[in-house]
Amino acid sequence: MVIGVSSGLLTLDIVIGILVIAWVLYRIYQYSLRRKYADVLKEDIFTQGMHKAQVIDLREKNDFDKGHILGARNVPLSVMKQRYVEIRQDLPVYLYDQGMTLSTRASVMLGKKGYTDISILKDGYARWNGKTKAKKY
């Protein structure tokens with residue numbers, strides 16, 4: 001009986017270890033993609049450059065309507081493949097979402113489409129302290 005419990009815990013430890021390793025590898029992969037296609041900007045640098053850039057909010061419309069960076073345009077990642085042509089290649093592209101996950105995915109897609117001046121807001125909208133706008137209901 002003790003042997004069964006012990007081997008069960010060992011199996012659980014192995015599974016948890018594999019999941020942790022997979023998560024770490026995924027984070028490293030995301031980091032390398034982000035570095036390849038985009039620059040990550042702190043809020044103050046993002047704010048300084050956003051007036052000359054296209055600021056794109058990648059969150060879904062309902063999240064965008066609840067609050068977004070003043071001057072941002074909503075192009076949810078879920079429709080980016082259809083709408084990326086609305087984003088000019090000759091101007092800087094500033095991306096943000098709640099964190100940086102969607103922005104990383106969007107920067108890879110845009111980078112593969114030929115966009116070269118892509119930046120991502122570090123820490124995303126979740127930590128944004130600048131001016132915002134919300135839809136009035």
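Modeller: A residue counts as buried under 20% relative accessible area, as exposed over 50%, and as partly exposed in between (1.4 Å probe, protein chains only). This is a predicted model, in which local features need pLDDT of at least 70 and side-chain atom pairs count only at pLDDT 80 or more, while totals for chains, interfaces and linings use all residues. Residues are numbered from 1 along each chain as its sequence is written, and side-chain values use heavy atoms, with hydrogens and water left out.

Colleague: How many salt bridges are there?

Modeller: A salt bridge is a side-chain nitrogen of Lys or Arg within 4 Å of a carboxyl oxygen of Asp or Glu, and by this rule the count is five. One of them joins Glu86 and Arg83 at 3.0 Å, N to O; Arg83 is partly exposed at 25% relative accessible area, and Glu86 is partly exposed at 37%. Another links Arg88 to Asp90 at 2.6 Å, N to O, where Arg88 is partly exposed at 44% and Asp90 is exposed at 57%.

Colleague: What separates Lys61 and Asp65 in helix α3?

Modeller: Helices (H or I, at least four residues) and strands (E, at least two) are DSSP runs, numbered from the N terminus. Lys61 and Asp65 lie four residues apart in helix α3 (residues 61-66), so about one helical turn separates them, and their side chains meet in a salt bridge of 2.8 Å, N to O. Lys61 is partly exposed at 47% relative accessibility, whereas Asp65 is buried at 10%.

Colleague: Which strands pair with β6, and in which sense, parallel or antiparallel?

Modeller: Two strands pair if DSSP finds at least two bridges between them. Strand β1 (residues 39-41) pairs with β6 in the parallel sense over three bridges, with Leu41 partnered by Leu121. Strand β5 (residues 93-96) also runs parallel to β6, joined by three bridges, and there Tyr94 has Ser119 as its bridge partner. From β5 the chain passes through helix α5 (residues 101-112) to β6 in a right-handed β-α-β crossover, meaning that, with the strands pointing away from the viewer, the path from the first strand over the helix to the second runs clockwise.

Colleague: Which way do the residues of β6 point, and are they buried or exposed?

Modeller: In strand β6 (residues 118-121), Ile118 and Ile120 point one way while Ser119 and Leu121 point the other way, and all are buried.

Colleague: Which residues does Gln30 touch?

Modeller: Contact means heavy atoms within 4.5 Å. Gln30, in helix α1 (residues 2-37), touches Thr101 and Thr104, leaving aside residues up to four places away in sequence, and Gln30 is buried at 6% relative accessibility.
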